[in-house]
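I opened this notebook to record what I looked up, beginning with a pair of helices and then turning to a sheet.

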Amino acid sequence: MDEAAAGKLSNGVGDAPSSPPSFRMEDLPAEIQTVVMSLLPLKEAVRASIVSRSWSMLWTFHSNLCFYGPNDPDFERDLHDITVDQYINDLIKIERVKFIDSVNGIIRRHSGIGINKFSVRCALGLPKEDLGHLHRWIAFAASSKASIIEFNLKKMYLAPKEVHHFPLEALDVQGNSWLQSLFLANVSIKLQSGICGFAMFKRFVLEDVKIFGDFPGLLASCSTLEDLTIISCPGLANLSVPHKLDKLQHLLIERMVVEMIEFHATNLCHFEYRGKVSPIVLHGCSKLEKATILFHCGKGLHHAFTVGPSILPVKILNVQASIIKYEELQKLTLGPHGMFTHLRHMTCELTVVNASENADNADNADNGVLQLAYCLDIAPNLETLHVDMLHWGFKDNKCDEVVGEEGSLGHMRRHDHLKTVYISGFRLYKAHTKLACCILSNASVLEHLKLEPRFGTIPRLNEGLETTILEVCKWARLASERFGKVITVSDAPSE
C-alpha cells in the first residue's frame, strides 16, 4: 500500500460514512423525557407508549390534555350526507359515548401532575344524564391545578336545546393561584358571593354563556386580567365595571344587548366592539393603539366615528358598517376637524344594500359611501386607507362620465400624509368614482391608489367581472392622467 493510500485510510477520507451514534429516550433524565413526550399531541403520546416498556408511563405526565371530538372526517361527512334523523341521532350517540369513555379513560390513568392545559370541546353536546361526567372533568382540572382550562359545549351540527350549569365555584380552591386562562362556551354560570377571585387570572373568554349574578363584582377580583372576551352572553343588563382593571390590554365585546359599556383600563391597547349602538366609555385609555368598531344599524359608519373620546388615541382603526339606504350628507354631525390626530392606518369594511324599489332612490342608494369622505377629515395624519365594499341589490348604477364629477366633492380637506389607498369592490358606481376622485384630488402626497373590482369570493356577485375589469382599467388610465397619480387595477390584463 502506498503512502497516499495509507494517508487516506488514516484520515478516514474515502471511507463509507459512519452511522450516527444511537440515541435512546432512556438516556435522557426522567424530567426531560416527560417534556419530550408532552411535545406530541396527546393521542400520539398515548400511541408512543406501546413502543417501549420504559415509555409506557411517560404519557401519564403529559402537560396538555386536549380532548376534541369527534375529529373523524368520515363521521363529519356522514352527518352532512345522510338525512335520516334517527340514523344521525344514533350515530351521534355512539360517537358521544366513545368520546366520554376516551376522556374518562385518560384522566383515570393520568398522574394529574404538571398539567398546563385541560381542554374539552364536545361538539356533540352532553345530555342531562351525562352531566356527572362533566363535573368529574371539572373536578379533575381543578385538582390538577391546570393553568389553562377550556370547556366548549357548543354543538357543531345541531342547535343546543339545553345549556348546562358550569360550577365556577369548583375552580375557586386554594385562592386559584394556579388558574391563568378560562374559556367557557354554551354553558351557564351563577356568580356566588363566596368566590374569592383568581389571583393569577390573565385571560377570560365567555361565548354564549348565560350569566347570573354580579359579573362586574367578579371582574373586580381579577386584578391581573389582561384579556377579556364576551360574546353573545345573555343575563347582563349593562357592562359598567366601576373597578379599575389596570392590567387589561385587550377587550372584545360582541353581540351583547346591554344599555351601557364602561371600563376603567389604563393599559388597554386593543378594543373591539360589534353590536347595537350603545354608549361606550373607556376611562383613561391613553395607551389604546387599535380599535375595531361595528354598529348594527344603517348609520353604523357615522356612529363609529362619534364614539367619542374613548377611542381617540388609536393609531389603527377598523370600521365595519352597513349602509342600507340613502342618507343626506349634510345631516351628518361629526366631531371637530382633526380629532383623531394619532390615527395612521384605517380599514373600512362597508356593506351597501339597495333596499329601495324606487328608481330615484336606487340611484342614490350607495351615496352613503360618500360619508367616508367626511370621516377622513377627522384623521388629518392618516397614512394608509383600506376600503372593502360589498354591494347587494344593484343592477345598473354606473357613472355616466369616465372620471366622474369635478375633482373634489367640496367637503374633504387636504391630506398631507395619506400615501397609500386600497379600494376593493370598486365598480364604476357614481359614489365610487366620486370618492376616488375626491381622494385623488385632496391627498397631496398620495403615492399609490390600488383598485380591486372583485366583490369578495361570491361567484354570483362577480358575474361579468372580466368586462368590469376592462371598464375600471380604462377609467383608471384616464384618472391617472388627470390627477397625476399612480393607479393600478387588480387582475388587469397585461398589455
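Is the crossing of α11 and α12 left-handed or right-handed? I noted that the crossing of α11 and α12 is right-handed, where right-handed means that the near helix is turned clockwise from the far one by less than a right angle, and left-handed anticlockwise. I kept in mind that this is a predicted model, in which local features need pLDDT of at least 70 and side-chain atom pairs count only at pLDDT 80 or more, while totals for chains, interfaces and linings use all residues. Residues are numbered from 1 along each chain as its sequence is written, and side-chain values use heavy atoms, with hydrogens and water left out.

I then looked up the axes of α11 (residues 430-442) and α12 (residues 465-483), which come within 11 Å and cross at roughly 30 degrees. The two helices are therefore roughly parallel to each other (an angle under 35 degrees). In the contact, Thr433, Ala436, Cys437, Leu440 and Ser441 of α11 meet Trp475, Ala479 and Phe483 of α12 (heavy atoms within 4.5 Å). I read the residues of this contact as 6 nonpolar, 2 polar and no charged.

Next I turned to the sheet, which is open and has 3 strands in the order β10-β12-β14, with parallel pairing (two strands pair if DSSP finds at least two bridges between them). Its edge strands are β10 (239-244) and β14 (280-283), each pairing on one side only. I found that β10 and β12 (residues 261-264) pair in the parallel sense over 3 bridges, and that Ser240 has Glu262 in β12 as its bridge partner.

Definitions and conventions. Helix = DSSP H or I, 4+ residues; strand = E, 2+ residues; numbered from the N terminus. Axes fitted to C-alpha atoms, helices over the stretch in contact; angles between N-to-C directions. Parallel < 35°, antiparallel > 145°, perpendicular 65-115°, else oblique. Nonpolar A, V, L, I, M, F, W, Y, C, P; charged D, E, K, R; others polar.
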